[in-house]
Amino acid sequence: AAEALAIRLMTARGIPVEVQVFARSLGQLLWVAPMIAATGLAVFRTRRPGLHLLRGSSSLLTWGFYYASFGPLDLATATVLSFTNVMFTTLLAGPVLGERVDRWRWAGTLAGFVGVAVMLRPGTTVSMVGVALALASAVTWCGITLSSRVLAQQDRNTTIMAWVGLVTTAGSAPFAFMAWVPLGLADVLILAAVAGFAPGIIWLITSAYRHGEASAIAPFQYLRLIVVAGFGRAIFHEVPGGWDWLGAARVLGG
């Protein structure tokens, strides 16, 4: 939720999405820098380099789409639409990971899809560009979720974070360079804060997937909506309409 607020602030201040993502990526490397300094390239040692590349590429795409969606959408709507990654994860957990997805999880997934349909009903004023970006981030988020579930059983958190930091930093740097604009002190401080705390999200979620099934853990992110909606109302005076709340309730109920 704090990351979502930071994205909204950075977007409102005119910081390009490419620069935001680069700062987020660089933060990953900074988190594991002490380990790299102590052990050298040993922190990157793994038997699944291809899966790490997939994990890092999925992160880069997800962050790009997710961060960009906060431009045309309000905080609550962008957050709720990002929740559809839980539905896609549930759909793929069976065939990809071999997890048993029972009828209750299928029922919750279908309820969530109905909620999204309510939010995007005909006549809505929600930006379709923003919706497309949010849904794209949800789809690519599945690459993070599913690969994390596999990698967490074999590699340490530091190894996963080091690979993510390397791939996302290398991938975002050229775009950040092309989109660079002069930054004020406040902009730099916000970017530094995001770079400092956001990698903790990956550390915690990777640890969670080490101990539980992907389709069971993913729904816990719904708790973000309560905090994000409060931020949106208190700071940006964003108040979702009745239909939006109804759709969100269906997603949360699922």
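At what angle do the axes of α2 and α10 cross, and within what distance do they come? I started there. Two packed helices are described by the angle between their axes and the distance between the axes.

**Ground rules.** I'm looking at a predicted model, where local features need pLDDT of at least 70, side-chain atom pairs count only at pLDDT 80 or more, and totals for chains, interfaces and linings use all residues. Residues are numbered from 1 along each chain as its sequence is written, and side-chain values use heavy atoms, with hydrogens and water left out.

**Entry 1, α2 against α10.** I found that the two axes come within 8 Å and cross at roughly 65 degrees. Axes here are lines fitted to C-alpha atoms, for helices over the stretch in contact, with angles from 0 to 180 degrees between N-to-C directions. Helices are DSSP runs (H or I, at least four residues), numbered from the N terminus. On the α2 side I noted R24, G27, Q28 and W31, and on the α10 side P199, G200, I202 and W203; contact means heavy atoms within 4.5 Å. By type, four of these residues are nonpolar, three polar and one charged. For the types, Ala, Val, Leu, Ile, Met, Phe, Trp, Tyr, Cys and Pro count as nonpolar, Asp, Glu, Lys and Arg as charged, and the others, Gly among them, as polar.

Next I looked for open space. A pocket is an open set of points on a 1 Å grid over the protein atoms alone, where a 1.4 Å probe fits, with protein on both sides within 12 Å along at least five of seven lines; lining residues have an atom within 4 Å of a point. Its volume is the space filled by probe spheres set on the points, which are joined across faces, edges and corners. The largest pocket holds about 690 Å³. It has 28 lining residues, and W141, I201, I205, Q221 and R224 are the closest to its centre. I see α1 (2-12), α3 (49-69), α7 (128-151) and α10 (199-211) each giving two or more residues to that lining. The largest share, seven residues, comes from α10. I noted 18 nonpolar, six polar and four charged residues in the lining.

I counted 47 residues in the largest nonpolar core, where M10, Y67, F70 and V251 touch the most other members. Such a core is a set of buried Ala, Val, Leu, Ile, Met, Phe, Trp, Tyr and Cys residues joined through side-chain atoms within 4.5 Å. Buried means under 20% relative accessible area, exposed over 50%, partly exposed in between (1.4 Å probe, protein chains only). Leaving out residues up to four places away in sequence, Y67 touches E3, I7 and V194, among others.

R45 sits 8.9 Å from D155, C-alpha to C-alpha, though they are 110 residues apart in sequence. R48 lies in this loop too and is partly exposed at 33%. Beyond four places away in sequence, R48 touches V150, L151 and Q154.
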